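I opened the model today and kept notes as I went.

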Amino acid sequence: MLSLLPAYLLMGALAGFLAGLLGIGGGLILVAALVWVLPQQGVPESAVMHVALATSLASIVFTGLSSARAHWKRGSILWRSGGRLIPGVVLGGLLGGQVAARLDGDWLRYGVAAFCVGAALQLLLGGPKVSDARREPLTAWLWPAGLLIGLISALVGIGGGSMTVPLLIALGATPVRAVGTSAACGVVIGLASALSYGWSAPADLAMPSGSLGYIYLPATLLIAMASVFAAPHGVSLAHRLPGAQLQRVFAALLLLVAWQLVFLR
């Protein structure tokens, strides 16, 4: 465990910074990195993908809290919009964890890779949207949209920002407020999904000590510790820089993650 301490802290710092900056991506980075290191901790090969997803989601609870708190201080959370999303994302997260527990690890691996490619294309090809700093989307479609966001997020180990942010921007919210609202929703997604993964692992699964179901708690705590400190720095930068160039760089990173998941095993 001690030999991997720097790796876990680096994962957490990068995930937290990206979550604060773009509202997306921390979970995808964590899943790809955890797939590499978890076998060295004694996680069975058949469960590596499940444990990577569960551990990522558990750490997102802390990352999201830190990011959401920083956005809240700057007044960039749409609380009423988030309130309409949350019931759906909770149910979707709980269902997603149960579905993932019944899927083969390779199916999950390729599903996450496909999602990375889709998120990258969305960042590269998505055009600018007209936004209004005074507008708070309150459409009734936020509830079913939240259900879908929570379900997919649980299946690929993310906080849902790659879907929540574009949705709110398309409905007229400013990007920075969409990111802030996404961070708050990510806390709920991570908590519901992690609980679902925690109780869905087989009783006879030979996990290393310190595990709760599919969640490897030592990694969760180390990643969370670093991400909590890094997320506010990402938030600060998000309020100062235009996002177009950052989106292109991050899209390239997502494509690299997808390639790693599929070809480097």
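My entries follow in the order I made them.

**Entry 1: the chain**
I am working with a predicted model. I looked up the secondary structure of the protein chain and found 10 helices and 2 strands. I then read the order from the N terminus: α-α-α-α-α-α-α-α-β-β-α-α.

**Entry 2: burial and surface**
I checked burial next. Of the 265 residues in the protein chain, 54% are buried. The accessible surface of the chain is about 11600 Å². Carbon and sulfur atoms hold 70% of that surface.

**Entry 3: contacts along the sequence**
I looked at contacts with a separation of 6 or more. Residues 24 or more positions apart make up 83% of them.

**Entry 4: α3 and α9**
I picked helix α3, residues 48-73, and helix α9, residues 217-238. Their axes come within 8 Å and cross at roughly 25°. Angles under 35 degrees count as roughly parallel, so α3 is roughly parallel to α9. I noted the hand too: the α3 and α9 crossing is right-handed.

**Entry 5: who touches whom**
Which residues make the contact? From α3 I listed Thr55, Ala58, Ser59, Phe62, Thr63, Ser66, Ser67, Ala70 and His71. From α9 I listed Ala219, Thr220, Ile223, Ala224, Ser227, Val228, Ala231, Pro232 and Val235. I sorted the α3 and α9 contact residues by class. The contact has 10 nonpolar and 8 polar residues.

Note on methods: Residues numbered from 1 in each chain as written. Predicted model: local features only at pLDDT ≥ 70, side-chain atom pairs only at ≥ 80, totals over all residues. Heavy atoms only, no water. Axes fitted to C-alpha atoms, helices over the stretch in contact; angles between N-to-C directions. Helix = DSSP H or I, 4+ residues; strand = E, 2+ residues; numbered from the N terminus. Parallel < 35°, antiparallel > 145°, perpendicular 65-115°, else oblique. Left-handed = near helix turned anticlockwise from the far one by under 90°. Contact = heavy atoms within 4.5 Å. Nonpolar A, V, L, I, M, F, W, Y, C, P; charged D, E, K, R; others polar. Buried < 20%, exposed > 50% of the residue type's maximum accessible area, 1.4 Å probe, protein only. Areas by Shrake-Rupley, 256 points an atom, 1.4 Å probe, with all protein chains shown as cover.
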